[in-house]
Amino acid sequence: MVSKPWWNVAVPHRDIREGRLDEAVFAAKLGDVVRGRGPLEYRDPETFFRKTYLTPGLERLCAVVVSRLSGGTGDAFIQLRTPFGGGKTHALIALYHLFKHKDASDLDVAKTILQNQLLQDSRIDVIPRAKVAAFVGTEADPIRGLTPWGEIAKQLGSYPLLEEHDQKKVAPGKDILIKLLEKNKPVLILIDELLEYAVKAAGVNLKEITGAEGTLKGQLLSFLQELSEAITSVDKCAVIATLPSSALEHYDEAAEQVLTQLQKISGRVEAIYTPVEGEQVYEVIRKRLFDDIGDEAVHRKVADEYFEIYRQLGEEIPPEYREEEYKRKIVKAYPFHPEVIDKLYERWSTFSTFQRTRGVLRFLAEVVGDLYKREHPSPLIQPAYVNLANATIRMELVKHIGNQFEGVIASDIIEPNGVAPRIDKEMGSEYAKFKVATGLATAIFFNSFSGSAERAGITVQRLRVAFLREGIPFPIVGDAIKRLDDELYFLHSDKSLYYFLSRANLNRII
């Protein structure tokens, strides 16, 4: 028996169902949360944690900070390092709410952390109240605004202590920072988008502003050096800072040098944490996009159904899809086929313009909304069922690879008189309903691009995984691929690897 369509089991968030998605809900901004503005999903603690999946990495991070601010053991200076869009800001907001919210100890997430994680000290049974100061590099003006040390002191209520250093844009020494921390502890300092501020600070000549020698970047590096030493000298205090794993993902080589300097400054005392790793992203995405994902027994039934297809296909698909581990992976990713999420992370996120988790969420929200509205019959959301005819979905991909691919998609995949739709019509009424040619062409396009130097593309074996579901005759894929290879204008193949280019193939030239 064929399983129900995924939208009969899982319930997307209301905004997705009603087609009024606000993309701001995927753009976490610590500065907005501190100022009590922005989407409810971020500024309200209860809503935030209800829609946040506590990955083991995030749970461990929170637990370590709880221990540190309670006077127990724990790292004093923690760096969150992931690619752009890898969950760093989301982790900072979690920490902000955990310690800033007046009823933090009543939050279910607090109880989870206290019960499940690294709190070895039995005396710690509540989340401590702490003063929280947040500095966001993207919002700070290095010329007219407060310095990082000035902003932190102001939020802690001790600006007079560092006022002179702030106005002269000269970093305070270790002793005065220790005095600041001792006066306000427990203290949690959150520093987001540090590289962004450092890059701006590198262009600020202090002689033109205060008459001092050097740049503001030099003073920033000095401040971080002094802060990293001061924070380890005072109990019940912690610093959490975010840095990308590489500046080249978003900036230039000069910024990469700045990043290296920032990493060296705190390298002696910092601990590096990664909030989201590996398959944890499946649950992060499901939590953010769905109100309810349904009964896990249904998910397992669907996984069994697909696994049986892969078993029957045997050598016609790669061996990893026929291993029991992959069946478990399908259950974890439901209602998405793992191939959709994996390819977004493995290939599309390698483009510097694609912000990993944020970009994935935005794209998948549009895909989910489109399939939900059209009541697509598949039990899983597979690469072949991404609707490139939807302009919003199409642009989420095209904007990373160039507008020239609009014409490629139109002529080969989505136009009513395009090649793939024509092939579908010519395959006869029995098969036309499956839109085999359009689906396979879509899956090839989805797999054709990568920001890295490797040749992207997809084999026939993997195309079967991207398209087939219960009820579709298996041999139809091979027949359709042959026609696509013969008739599409922009499809290329090399050693059994199929991919699209903006350059026409021999079919078009003839």
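Let me start with helix 16 and helix 17, which cross in a right-handed sense, meaning that the near helix is turned clockwise from the far one by less than a right angle. This is a predicted model, in which local features need pLDDT of at least 70 and side-chain atom pairs count only at pLDDT 80 or more, while totals for chains, interfaces and linings use all residues. Residues are numbered from 1 along each chain as its sequence is written, and side-chain values use heavy atoms, with hydrogens and water left out.

Among the residues of helix 16 in contact (heavy atoms within 4.5 Å) are Arg300 and Tyr306, and helix 17 contributes residues including Lys327 and Ile330.

Now to helix 21, residues 405-414, whose axis comes within 10 Å of that of helix 24 and crosses it at roughly 160°; the two are therefore roughly antiparallel to each other. Phe405, Ile409 and Ile413 of helix 21 meet Thr438, Ala441, Thr442 and Phe445 of helix 24.

Is helix 24 mostly covered or exposed? Helix 24, residues 436-446, is mostly covered, with eleven of its eleven residues buried, that is, under 20% relative accessible area with a 1.4 Å probe and protein chains only.

Terms used. Buried means under 20% relative accessible area, exposed over 50%, partly exposed in between (1.4 Å probe, protein chains only). Helices (H or I, at least four residues) and strands (E, at least two) are DSSP runs, numbered from the N terminus. Axes are lines fitted to C-alpha atoms, for helices over the stretch in contact, and angles run from 0 to 180 degrees between N-to-C directions. Angles under 35 degrees count as roughly parallel, over 145 as roughly antiparallel, 65 to 115 as roughly perpendicular and the rest as oblique.
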